[in-house]
Amino acid sequence: MKNIHLNGNATQTSAQTLADLLSEINMNDESFAIAINQQFIPKENYANKIIDHGDTIEVLSPMQGG
């Protein structure tokens, strides 16, 4: 298990990649942007982006309004 911070919360995961993590937290079909350690990760890289112990991951949903 890896200890990470997901959206500000300490979390443990067995996910190896970002795609695995999204599947683990049931976020496969939603529209969002992801940053790991304050670096934007393009959607096409989710399957090969390795999750490391201590990573800070932010999943950001689009907001509407003005």
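The model is predicted: local features need pLDDT of at least 70, side-chain atom pairs count only at pLDDT 80 or more, and totals for chains, interfaces and linings use all residues. Residues are numbered from 1 along each chain as its sequence is written, and side-chain values use heavy atoms, without hydrogens or water.

**Overall fold**
- The chain holds one helix and five strands, given as DSSP runs (helices H or I, at least four residues; strands E, at least two) numbered from the N terminus.
- Along the sequence the pattern reads β-β-α-β-β-β.
- Of the 66 residues, 30% count as buried, meaning under 20% relative accessible area with a 1.4 Å probe, protein chains only.
- The C-alpha trace spans about 40 × 25 × 20 Å along its principal axes.

**Strand pairing**
- Strands pair if DSSP finds at least two bridges between them.
- Strand β3 (residues 33–36) runs antiparallel to β5 (residues 56–60), with four bridges. Ile36 has Ile57 in β5 as its bridge partner.
- Three bridges join β3 to β4 (residues 39–41), also antiparallel. Here Ala35 stands opposite Phe40 in β4.
- Two residues lie between the strands of the β3 and β4 hairpin, where Asn37 takes a positive phi near 50°.

**Thr13**
- Thr13 lies in strand β2 (residues 9–13).
- Thr13 counts as buried because its relative accessibility is 1%.
- Leaving aside neighbours within four places in sequence, Thr13 is in contact with Met1, Lys2, Ile4, Leu21 and Glu24; contact means heavy atoms within 4.5 Å.

Note on methods: Buried < 20%, exposed > 50% of the residue type's maximum accessible area, 1.4 Å probe, protein only.
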